[in-house]
Amino acid sequence: MIDMLVRLYDLPDGAPLREALQTGGITIRRCNPFERHILTDWVGRTFSPKWVSEAKVAMGHQPAACYIATKDRTIVGFVCYDTTARGFVGPMGVDPEHRSHGLGKALLVTALENMRALGYAYAIIGGVGPQEFYARCVGATPIENSSPGIYKDLLPDPPQHS
C-alpha cells in the first residue's frame, strides 16, 4: 500500500466540519490520558491489534496525539498522529455505523490542523487504503515508490487463542 503526502499549509477549515457534526450529537476532542484503556479496547475490537499498538504510542505523548469522536459518551471514531514515525498521520478509523457523514474527514482535518500547529508543513499518510478519500478530503497525493515503505518486514499478528 502506498503512502500519501498532505500539504498542511493548504487544508480545509476544520471548524465547520466539527460544528456540523456537533449538531448531530458528535463531539471531536483530544483523547484524555486516563481514557487510554477505553480507546485501545475499542480500537482492538473495531479494527486491528497493530492499531492498538499505535494508539498506545499516540496516547503516550503529552498532550496525547489522538483525537476521538464521541456520541452519547461512546467512541465512534479516532485518529492518531506521530505514531509509526514523526510526521505520519494514522491510524484512523470510524465505526462502520457512522461512516459517510463527514466524520472521517473531520477527524483527519483536526489531526492535520494540530500537526500544522506543531510546526509541520507536510504530513504523510502511511500505507493508505482508500486513496480517493484522502485525495478528496485534504488533497493528498501519492508518494512515488513508497510501497511498502516503512511497513516492510512486518511481524505477523500472533494466533488468536480460544
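Me: Let's start with the second largest pocket. Which element gives the most to its lining?
Reply: Keep in mind that this is a predicted model. The residues lining the second largest pocket are Arg29, Glu35, Ile38, Trp42, Arg45, Ile68, Thr70, Arg73, Thr74 and Ile75. At least two of the lining residues come from each of α2 (36-46), β3 and β4. With three residues, the top contributor is α2.

Me: How much space lies in that second largest pocket, and how does its lining divide by class?
Reply: Going by class, the lining has four nonpolar, two polar and four charged residues. As for the space in the second largest pocket, it comes to about 190 Å³.

Me: And the largest pocket, which residues lie nearest its centre?
Reply: There's about 910 Å³ of space in the largest pocket. Its lining is made up of 38 residues. Nearest the centre you'll find Trp51, Met92, Gly129, Pro130 and Tyr134.

Me: Which element gives the most to the lining of the largest pocket?
Reply: Two or more lining residues come from each of α3, β5, α4 (103-117) and α5 (131-138). By class, the lining of the largest pocket splits into 19 nonpolar, 14 polar and five charged residues. The element that gives the most, with seven residues, is β5.

Me: Since α5 came up, which of its residues are buried, and why do they line one face of the helix?
Reply: The buried ones in α5 are Phe133, Tyr134, Cys137 and Val138. Looking down the axis of α5, these buried residues fall within an arc of 90°, so they line one face of the helix. In general, an α-helix has 3.6 residues a turn, so residues three or four places apart point the same way. That puts the answer at Phe133, Tyr134, Cys137 and Val138, within an arc of 90°.

Me: What sits on the other face of α5, and what covers the buried residues?
Reply: On the face turned away from the buried side, α5 carries the exposed residues Glu132 and Arg136. The cover over its buried residues includes β1 (4-7), β5, α4 and β6 (122-125).

Me: Now the non-glycine residues with positive phi. Is aspartate 82 buried or exposed?
Reply: Aspartate 82 isn't a glycine, yet its phi is positive at about 55°. You'll find aspartate 82 in the loop between β4 (74-81) and β5. Its relative accessibility is 9%, and the cut-off for buried is under 20%. So aspartate 82 counts as buried.

Me: What about asparagine 145, buried or exposed?
Reply: Asparagine 145 also has a positive phi, near 55°, and is a residue other than glycine. Its place is in the segment after β7 (141-142). Relative accessibility is 74% here, where exposed means over 50%, so asparagine 145 counts as exposed.

Conventions. Residues are numbered from 1 along each chain as its sequence is written. This is a predicted model: local features need pLDDT of at least 70, side-chain atom pairs count only at pLDDT 80 or more; totals for chains, interfaces and linings use all residues. Side-chain values use heavy atoms; hydrogens and water are left out. Helices (H or I, at least four residues) and strands (E, at least two) are DSSP runs, numbered from the N terminus. Buried means under 20% relative accessible area, exposed over 50%, partly exposed in between (1.4 Å probe, protein chains only). On a 1 Å grid over the protein atoms alone, a cavity is a set of points where a 1.4 Å probe fits but cannot get out, and a pocket is an open set with protein on both sides within 12 Å along at least five of seven lines; lining residues have an atom within 4 Å of a point. Grid points are joined across faces, edges and corners, and a volume is the space filled by probe spheres set on the points. Ala, Val, Leu, Ile, Met, Phe, Trp, Tyr, Cys and Pro count as nonpolar, Asp, Glu, Lys and Arg as charged, and the others, Gly among them, as polar. The arc is that of the directions from the helix axis to the C-beta atoms. Contact means heavy atoms within 4.5 Å.
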